[in-house]
Amino acid sequence: MTGNQNDLRRFGAALLLGVAAGLAARYYFEARTRSGGRPATGLIDWEQARQAALRLSQWEQAPIDNRDFRREQYARMVTLSEPLIAEYLGVQLPEPVSRIFVFDRREWLEANIVSFSQLFRPIEEMYEKNGGSRGALGLLMNDVSSKLLGMQIGGLLGYLAQRVLGQYDLSLLSAETTGGSLYFVEPNIARVQQQLGLSDMDFRLWITLHEMTHAFEFEAYPWVRRYFRELIDQNFALISSQMLSSGNNLVDMLMRLLQGIGSGQHWIEMVLTPEQRAVFDRIQALMSLIEGYGNHVMNAVGRRLLPSFSQIEQRVAQRQKQRTMLDLMIFRLTGLDLKLAQYQQGEAFVNAVVAARGIQFASRVWERPENLPTMDEIRAPTQWIARMDRQ
């Protein structure tokens with residue numbers, strides 16, 4: 001997930017928290033219109049989300065050329081990348097990455113809509129257990145708001161489907177602990193490669209290095225997956241608790257938003273309760289580290305491996321500076337601007353630690369949860385180095 005390729009993991013937490021305000025507002029209204037009797041209906045219309053995402057993605061206009069060739073190409077790149085990353089990091093994968101998929105936009109969407117529906121299931125189950133929407137007015141509002149939420153989620157996924165290049169899918173919510181899957185959205189990769197005039201082989205290998213680093217982060221250190229899942233569970237528990245409380249949640253959110261104006265905080269941070277903010281900061285720190293570490297390894301290995309590395313780095317950076325006003329607006333509304341800034345901080349953190357103490361010292365972040373940096377330490381790497389030296 002490099003450069004402008006904002007995949008699911010880059011925005012998942014921000015989207016969840018952005019939608020949470022809408023969910024709380026909806027629950028606040030519906031709690032006052034329930035009148036018993038009929039079965040609950042769904043909180044989110046996932047078919048509406050799917051259809052909206054497919055329409056916006058324009059997947060029909062972006063087919064895969066030479067799918068079999070590309071699948072073999074990416075498989076070779078994964079095989080090439082693994083020992084190079086293992087040598088640089090000094091750690092081995094428990095088993096080779098074997099689930100490698102070359103997707104068009106529709107296939108990427110289908111896979112991620114399934115993941116999203118699983119991600120939101122705890123809130124939907126909580127909503128259903130507490131009656132959903134009942135009565136004629138409640139059913140009508142449920143149908144309207146369910147479709148609206150479906151359109152909102154689908155709109156964001158459709159927007160991302162036009163831009164995501166690669167993704168390491170953790171299978172985070174799978175009942176079984178399995179290795180992740182590598183997704184390469186070939187039509188988007190081909191478009192960016194051609195637009196920037198980059199080497200076919202080098203650009204795809206550059207992307208592969210980044211995504212393969214995520215395989216090392218989660219598979220070579222299994223506790224990271226469990227820890228990430230625990231944070232998500234805590235986040236949902238806090239959202240559910242707030243939605244079920246008898247207080248005026250929407251009013252409270254608006255008050256926090258008004259009080260935060262002028263503080264320099266992002267609107268997503270402003271609407272959170274102190275408890276939610278604590279979990280949010282831990283998620284942000286982990287995701288910033290994951291992406292920053294991936295970028296560092298991609299650049300460290302890629303700089304030695306790819307003849308056109310400097311050209312890739314320069315042209316991708318220039319492309320990022322040319323985002324449209326629509327992109328900037330969507331980034332602000334969804335929190336992607338906040339995420340991108342923090343990922344830059346994550347990469348700066350890893351680069352600073354490696355420059356000061358080397359990659360093996362920096363990799364101590366993956367030894368145990370207590371070694372993970374806080375957001376304050378990511379912004380001030382010397383604080384994390386000092387804390388590790390005291391251990």
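**A tour of helix packing and the nonpolar core**

Begin by selecting helix α8 (residues 200-219) and helix α13 (residues 309-320), whose axes come within 10 Å and cross at roughly 70°. The model is a predicted one, in which local features need pLDDT of at least 70 and side-chain atom pairs count only at pLDDT 80 or more, whereas totals for chains, interfaces and linings use all residues. Residues are numbered from 1 along each chain as its sequence is written, and side-chain values use heavy atoms, with hydrogens and water left out.

Helices (H or I, at least four residues) and strands (E, at least two) are DSSP runs numbered from the N terminus. Axes are lines fitted to C-alpha atoms, for helices over the stretch in contact, with angles from 0 to 180 degrees between N-to-C directions. Helices α8 and α13 are therefore roughly perpendicular to each other (65 to 115 degrees; under 35 is roughly parallel, over 145 roughly antiparallel, and the rest oblique).

Show the side chains of Asp202, Phe203 and Trp206 in α8, together with Phe309, Ile312 and Val316 in α13; these residues make the contact (heavy atoms within 4.5 Å). They divide into 5 nonpolar, no polar and 1 charged. Here Ala, Val, Leu, Ile, Met, Phe, Trp, Tyr, Cys and Pro count as nonpolar, Asp, Glu, Lys and Arg as charged, and the others, Gly among them, as polar.

On the α7 side select Arg191, Val192, Gln195 and Leu196, which meet Arg315, Val316 and Arg319 of α13. The residues of this contact comprise 3 nonpolar, 1 polar and 3 charged.

Next, select the largest nonpolar core, of 96 residues, in which Leu89, Trp108, Phe203, Trp206 and Trp366 touch the most other members. Such a core is a set of buried Ala, Val, Leu, Ile, Met, Phe, Trp, Tyr and Cys residues joined through side-chain atoms within 4.5 Å. Its largest share, 12 residues, comes from α12.

Trace helix α12 (residues 274-305), whose 32 residues reach 46 Å from first C-alpha to last, close to the 46 Å expected at 1.5 Å a residue (1.5 Å times one less than the number of residues). Of these 32 residues, 23 are buried (under 20% relative accessible area; exposed is over 50%, partly exposed in between, with a 1.4 Å probe and protein chains only).

Finally, centre on Leu89, which contacts Phe216, Tyr293, Val297, Ile359, Gln360 and Ser363, leaving aside neighbours within four places in sequence. Gly90 lies in the loop between α3 (67-89) and β1 (100-103) and is exposed, with a relative accessible area of 58%. The C-alpha atoms of Gly90 and Gln360 are separated by 7.5 Å, although 270 residues apart along the chain.
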